[in-house]
Amino acid sequence: MDAAAAAGVLAALAPSWSAAVVLASYLAYLAAAGALLPRKLVAGAVLPDSSRLHYRCNGLLSLLLLLGLSALGVYTGWMTPTVVADRGLELLSTTFTFSVIVSFLLYYTGLRSRHQSSSLKPHATGSFIEDWWFGVQLNPHFMGVDLKFFFIRAGMMAWLFINLSLLAKSYLAGSVNRAVILYQFFCGWYIIDYFIHEEFMTSTWDIIAERLGFMLVFGDLVFVPFTFTIQGWWLLRNKVELPLLASVANCIIFLIGYLVFRGANKQKHLFKKDPKAPIWGKPPKVVGGKLLVSGYWGIARHCNYLGDLLLALSFSLPCGASSVIPYFYPTYLLILLIWRERRDEARCSEKYKDIWAEYCKLVPWRILPYVY
C-alpha cells in the first residue's frame with residue numbers, strides 16, 4: 001500500500017458527522033420501535049434477589065419494518081442501497097467512539113448507583129480496568145430501555161444491514177455469484193432466525209450473568225456487525241468460483257450447525273420455563289433438580305457452542321481457501337468460546353459444587369464429543 005492509499009484509509013477511518021447521523025438515526029429507530037410496536041413480554045431468569053426483568057421481544061417486527069422503510073427509501077431515491085457499505089470505515093470508527101463513551105458513562109453512573117436490586121446494584125471490584133471492561137451493573141436502563149438487550153438487538157440487526165448493503169454493491173458491480181449467494185443466505189437465515197426466537201436470548205449467560213461494560217458494548221455494537229461481515233467484504237473484492245460439490249458440503253455443515261445450535265438453545269430455554277417439558281419425546285433427566293442431562297445437553301456440556309462454531313465455519317467456507325482473512329470469525333469464535341467455556345465451568349463449579357461434579361461425570365465432554 002503506497003502513502004496515498006494509506007492516507008485515504010486513515011481519512012476514511014475518521015469518525016464523521018454523516019456516520020454519526022446514520023448511527024443516531026438507527027439507534028433512535030430501534031428505541032422507538034422497541035417501545036411502540038406490538039411485543040411479546042417475556043419474563044427473564046430469576047435473579048439473586050428473586051426479582052425478574054421482563055423483556056419486550058419485538059425484534060422481528062422491528063427488523064421487518066426497518067427493511068420495509070429502507071426499501072421505500074431506496075425506491076423513492078431518498079437513500080442509496082449501498083449507504084452502509086459506502087461509509088463502512090466511517091461507521092466503524094464512529095460506532096467504536098460511541099461504544100467507548102457509553103462504557104465510561106455506564107462505569108460512572110454504575111458506581112454512583114444506590115440501588116440494591118440485583119439488576120442495578122453496583123458490583124465494583126475497585127479496579128478501574130476490570131470494572132470498566134466487565135461493567136459495574138448487571139442490567140442498567142436508560143429511559144426505560146434495558147441497554148444490554150437493546151445493544152444485542154442493535155448489533156445483530158446491523159450485521160444484516162451491512163451484509164445487505166454489500167450485496168447491493170456486489171449486484172451493482174455484477175459480481176453476484178454462488179459464493180456470494182450462499183454467504184448472504186446463511187447469514188440472513190441465522191439473523192432472522194435469531195429474531196424469530198429472540199426470547200431465547202433472555203435465558204443466555206450474557207443476559208443472566210454478565211455485567212454491562214465495554215466488553216459487551218463493544219462486542220455487540222462494533223465487533224459483531226463489523227467483523228462478522230469480513231467475509232462479505234472479502235467476496236466484494238475477490239471473485240470466488242465455488243464448485244458444486246463444495247457448495248453442497250457447505251450447506252450440510254450449515255444445516256448441522258443450525259440444528260445443533262438452535263435445538264440446544266431451545267431445549268435449555270424450554271427446560272428453564274418448564275423443568276418437566278419432554279426432551280426428544282422423553283421426560284428430562286436432571287441432576288440435582290437443576291442441571292439438564294437430556295437431549296443435546298446429555299451429549300456435551302456446551303453443545304450449543306459446537307453448533308455456533310459450525311455455523312461460523314459455514315459463513316466463511318464460501319470464500320474458498322485462498323486466504324485466512326475470511327476465517328477470522330470462526331477462528332476468533334473458537335478462542336472466545338473455549339475461554340468462555342472455561343469461565344462457565346469455574347462459575348458453575350463454584351455455584352453447584354457437588355451437583356456440578358456429578359454432572360461432569362455423566363457428561364464428560366465439554367464441546368465436541370470424544371475430542372474435547
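The domain assignment, which is of automatic or database origin, divides the protein into domain 1 (12-241) and domain 2 (243-371). The model is predicted: local features require pLDDT of at least 70 and side-chain atom pairs pLDDT 80 or more, whereas totals for chains, interfaces and linings use all residues. Residues are numbered from 1 along each chain as its sequence is written, and side-chain values use heavy atoms, with hydrogens and water left out.

The centres of the two domains, taken over C-alpha atoms, lie 23 Å apart. Contact (heavy atoms within 4.5 Å) links 33 residues of domain 1 with 35 residues of domain 2. The buried area (accessible area, 1.4 Å probe, lost by two parts on being put together and summed over both) is about 3000 Å², with 67% of it on carbon and sulfur atoms.

Four salt bridges (side-chain nitrogen of Lys or Arg within 4 Å of a carboxyl oxygen of Asp or Glu) are found across the interface. The side chains of R343 and E210 form a salt bridge with an N to O distance of 3.0 Å.

On the side of domain 1 that touches domain 2, two or more residues each are contributed by helix 8 (178-196), helix 9 (205-208), helix 10 (214-227) and helix 11 (230-237); helices are DSSP runs of H or I with at least four residues, numbered from the N terminus. Helix 8 provides the largest share, 10 residues. By residue class, this side of domain 1 comprises 21 nonpolar, six polar and six charged residues, where Ala, Val, Leu, Ile, Met, Phe, Trp, Tyr, Cys and Pro count as nonpolar, Asp, Glu, Lys and Arg as charged, and the others, Gly among them, as polar.
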